[in-house]
Structures are given as C-alpha cells and as structure tokens.
Amino acid sequence: MTGGLLFGKVALITGASSGIGAAAARVFAREGAAVVLTARREDRLAALTGELREEGARAAYVTGDVSRAEEAAGAVDFALSEFGRLDAAFNNAGIGGDRTPLHLMPDDVYDAIMDTNVRGVFNCLRYQIAAMLEHGGGSIVNNSSVGGLVAIPAAAPYIASKHAVVGLTRAAADEYAKQGIRVNAVAPGTTRSEITADWFGRNPGLEDMVNSLTPQGRTAEPEEIAAAAAWLLSDRCPFLTGTVLPVDGGFVNQ
C-alpha cells in the first residue's frame, strides 16, 4: 500500500480484536501503516491479521493483557522485533461494566475497570515512550470517552477511569513534548460495538434515548473513531499534543 496518513509508519493497536480496535487496524492499514495488533483473543487477532495481509498490508499480532506490565512490554518488544521501530500507538484496550449505583458497586468490578482502563494505559505508555525515545520520537493516542469529560450516572469506576486516561494523556504530553513525542486522546461518544449491542439489547429503548441526547442523533460507527485516531497519530497535526478530542456527534458541546 502506498500513500495515506500513516504511510511508512509502524503502529501498535491495543484491544485490537473487536470494536474500535479492529476498526483502527483496518483504517491504519489502509492509511499505509504497518500494524501490530494486540489483545487477549488470539483467534480474532489471527483472523484479522490474515484479512489485512490478504489486502496487502504489513500486519502482525501478539496476544497480551495490557493490565500486566510484562505483557504490555512484550507487545512493544514484538513490534520492534517485527518492524524495527515503533512510530505510533493507539491505546484502545478498555472495559465498561454494568451500570450500578456507586454505593452498590462491588470491589471486584472497580478493580477490574481500573486495572484495564488506567493501569493498562499507564503500562502501555511507559514502554511505548521508552521505545520512541530510542528511535527519535513518535505519536500516541489514548482512548478515553465522553465519560472522561462529563459524568454519566451509575458508572462511577468507569467515569473515574476515563478521567484518569485524560490525566495520563496530559501528563505524558507535557513531559515528553520536547523529546519529539506527541500524546493525545480521543473521547468517543456512544459507538457501535459488541459491548453496546449487548447493552442496548438488554435495555430496550436505551439506544433511542442516548441518541436523543446527541445532536447528530445517532450512534457512531467504530471506523469514525478510528479515523480520528489516525489523524491524531499522523504528521498532519505536528503542533497538537495534550489534546482530548471528542468524537461524539456534539454530545459534550451542549
């Protein structure tokens, strides 16, 4: 593949087995990147990697759980061994959880959300940044949420975790700006995925209600979030760092 926003770059995508992560793998590959996919589900990673290779992309995968430091480090090491460097990373892996009032929230739910959504991003950042410092810089995008910018009822651990992703993004952007590393975040609104399909399926009428709160009046497609991440990772916005970009149909603009 020639040309594209990410032509010639090596990009690592976490949570790449489904949803926004799988969409990002396809979008980044179409935009010319060599892509390294990581997630916990090997069967899906293998199928998606095969699909991308059949379309002419350079693609490879490694299984891993980003909440474990050694596995986040292993994904970066794998990218370096496969393609020689790391230019871009999309830290997309994350989980949600059932909507539960704060005073009824179980400890294990809180721990699981914070481990994946916060510790996972922290683990990825430290190893990705170390690799980029060795190779002259790079660009990172973390996947937060509109829940990282506003409150949503009955989802306190998730809201806290996504606010923490915003904090990690801004801290890393400030710390490494002079060393050639840009760090930004996307904040998606409600986006079509297996998680939201299950959520809407268990709550009839919920999708219509959520969409009624969004000026564009619809649920986003995962490719729309991936396209925003690709632009942030590209060289088209070299003076942009520490930004949290809502991709939400105007939800937080109300």
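**Exercise 1. Identify which residues of the largest nonpolar core touch the most other members, and which elements supply this core.**

*Solution.* Step 1: The largest nonpolar core has 35 residues, and Ile13, Phe28, Val35, Leu37, Leu52, Phe90 and Val186 touch the most other members. A nonpolar core is a set of buried Ala, Val, Leu, Ile, Met, Phe, Trp, Tyr and Cys residues joined through side-chain atoms within 4.5 Å. Buried means under 20% relative accessible area, exposed over 50%, and partly exposed in between (1.4 Å probe, protein chains only).

Step 1: Two or more residues each come from β1 (10–14), α1 (19–30), β2 (34–39), α2, β4 (88–91) and α8 (222–233). Helices (H or I, at least four residues) and strands (E, at least two) are DSSP runs, numbered from the N terminus.

Step 2: The largest share, eight residues, is that of α1. A separate second core holds 24 residues, including Ala34, Val76, Ala79 and Ala172.

Step 3: In soluble globular proteins, nonpolar side chains tend to be buried together.

The model is predicted: local features need pLDDT of at least 70 and side-chain atom pairs pLDDT 80 or more, while totals for chains, interfaces and linings use all residues. Residues are numbered from 1 along each chain as its sequence is written, and side-chain values use heavy atoms, without hydrogens and water.

**Exercise 2. Determine whether Thr49 is buried or exposed, and list its partners.**

*Solution.* Step 1: Thr49 lies in helix α2 (residues 42–54).

Step 1: Thr49 has a relative accessible area of 1% and is therefore buried.

Step 2: Its side chain reaches the backbone oxygen of Leu45 at 2.8 Å.

Step 3: Leaving aside neighbours within four places in sequence, Thr49 is in contact (heavy atoms within 4.5 Å) with Leu37, Ala59, Ala60 and Tyr61.

Step 4: For Leu52, not counting residues up to four places away in sequence, the residues touched are Ala25, Arg26, Ala29, Val35, Leu37, Ala57 and Ala59.

How values were computed. Polar contact = N/O pair within 3.5 Å; in protein donor to acceptor, adjacent residues only side chain to side chain.
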